[in-house]
Amino acid sequence: MMLKPAMKDLLGQVPSRYQLVNVVAHRARQIASQAEDEGYPLNEKPVTLALNEVADGKIELIDRD
């Protein structure tokens, strides 16, 4: 089974798997909420869209330390 995008590509954008889960979950909720509010159907699942955004470097992480 091939995971796309690859985990190594995702971890190149986000420092840890735990943070990756949080970032993707948060973005997926945003995508789903926006689609529902604007009334358009999604061709892919929100988690898939969020993962692709992370892999493409479209998500900017904010350090909250």
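**View 1. Salt bridge between glutamate 53 and arginine 27.** Glutamate 53 and arginine 27 form a salt bridge, with 2.6 Å between the closest N and O atoms; the term requires a side-chain nitrogen of Lys or Arg within 4 Å of a carboxyl oxygen of Asp or Glu. The partners lie 26 residues apart in distant parts of the chain, glutamate 53 in helix H3 (residues 46-55) and arginine 27 in helix H2 (residues 17-38). Helices are DSSP runs (H or I, at least four residues), numbered from the N terminus. Both residues are buried, that is, under 20% relative accessible area with a 1.4 Å probe, protein chains only. A search of the whole structure finds one salt bridge.

The model is predicted: local features need pLDDT of at least 70 and side-chain atom pairs pLDDT 80 or more, while totals for chains, interfaces and linings use all residues. Residues are numbered from 1 along each chain as its sequence is written, and side-chain values use heavy atoms, without hydrogens and water.

**View 2. Surroundings of glutamine 19.** Glutamine 19 is in helix H2. Beyond its neighbours within four places in sequence, glutamine 19 contacts Val14 and Leu61 (heavy atoms within 4.5 Å).

Methods
Helix = DSSP H or I, 4+ residues; strand = E, 2+ residues; numbered from the N terminus. Buried < 20%, exposed > 50% of the residue type's maximum accessible area, 1.4 Å probe, protein only.
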